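This briefing covers selected local features of one structure. Please view the sequence and the model alongside the notes.

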Amino acid sequence: TTTSTTSNIVVSRKCYKKTFFGYSIDLLDLSNNFMAASSAAVIASAITTPFDTIKTKRQVTSHTGTNKTDLRLVTIICDIYKFEGFKGYFRGLFPRMIKVVPSCAIMISTYEVLKHFFIDSNHSSSSSSNH
């Protein structure tokens, strides 16, 4: 059992372990993975939203039958800033985060749990076959 001391409080990691279908899952690691993946998704969403906004504006403009100069990347970037300001590049950020953050957190957390499950099951099957 691993213990960690934080500001004179000793917490046993054993109390954070739960068993599901015969496999022990460390809930502290699971919550850390969930929060790390959520944070990464927020940052990635904030960084990529301006590019997605420009791409979407270009797709919409190409289907409206406007002339080719309206499809140029520089024109689209300037138009967004001119008509909507800097905030225009981040249009749709909140709905995007609502979609991306939970899915990323669930995906990464599931990956980490399954990775440890298969590593542990692989070690236990190889050690039992050696005996």
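In this predicted model, Val74, Tyr81 and Lys82 are the exposed residues on the face of helix 2 that is turned away from its buried side. The buried residues of this helix are Thr75, Ile76 and Ile80. Seen down the helix axis, these buried residues fall within an arc of 130 degrees, so they line one face of helix 2.

**Helix 2 and its surroundings**
- Helix 2 runs over residues 73-84, 12 residues in total, and its first and last C-alpha atoms are 16 Å apart, close to the expected 16 Å.
- Helix 1 (27-63) is included in what covers the buried residues of helix 2.

**Nonpolar core**
- The largest nonpolar core has 5 residues: Ala41, Leu93, Met97, Val101 and Cys104.
- Helix 3 (residues 93-129) supplies the largest share of this core, with 4 residues.
- Beyond residues up to four places away in sequence, Met97 touches Val42, Ser45, Ala46 and Pro102.

**Thr49**
- Thr49 is part of helix 1.
- Its relative accessibility is 2%, and because buried means under 20%, Thr49 counts as buried.
- A polar atom of the Thr49 side chain lies 2.5 Å from the backbone oxygen of Ser45.
- With neighbours within four places in sequence left aside, Thr49 is in contact with Tyr89, Phe90, Arg91, Leu93 and Arg96.
- Among these contacts of Thr49 is Leu93, which is also a member of the largest nonpolar core.

Definitions and conventions:
Residues are numbered from 1 along each chain as its sequence is written. This is a predicted model: local features need pLDDT of at least 70, side-chain atom pairs count only at pLDDT 80 or more; totals for chains, interfaces and linings use all residues. Side-chain values use heavy atoms; hydrogens and water are left out. Helices (H or I, at least four residues) and strands (E, at least two) are DSSP runs, numbered from the N terminus. The expected span of a helix is 1.5 Å times one less than its number of residues. Buried means under 20% relative accessible area, exposed over 50%, partly exposed in between (1.4 Å probe, protein chains only). The arc is that of the directions from the helix axis to the C-beta atoms. Contact means heavy atoms within 4.5 Å. A nonpolar core is a set of buried Ala, Val, Leu, Ile, Met, Phe, Trp, Tyr and Cys residues joined through side-chain atoms within 4.5 Å. A polar contact is a pair of N or O atoms within 3.5 Å; within protein, one must be able to donate a hydrogen and the other to accept it, and residues adjacent in sequence count only if both atoms are side-chain atoms.
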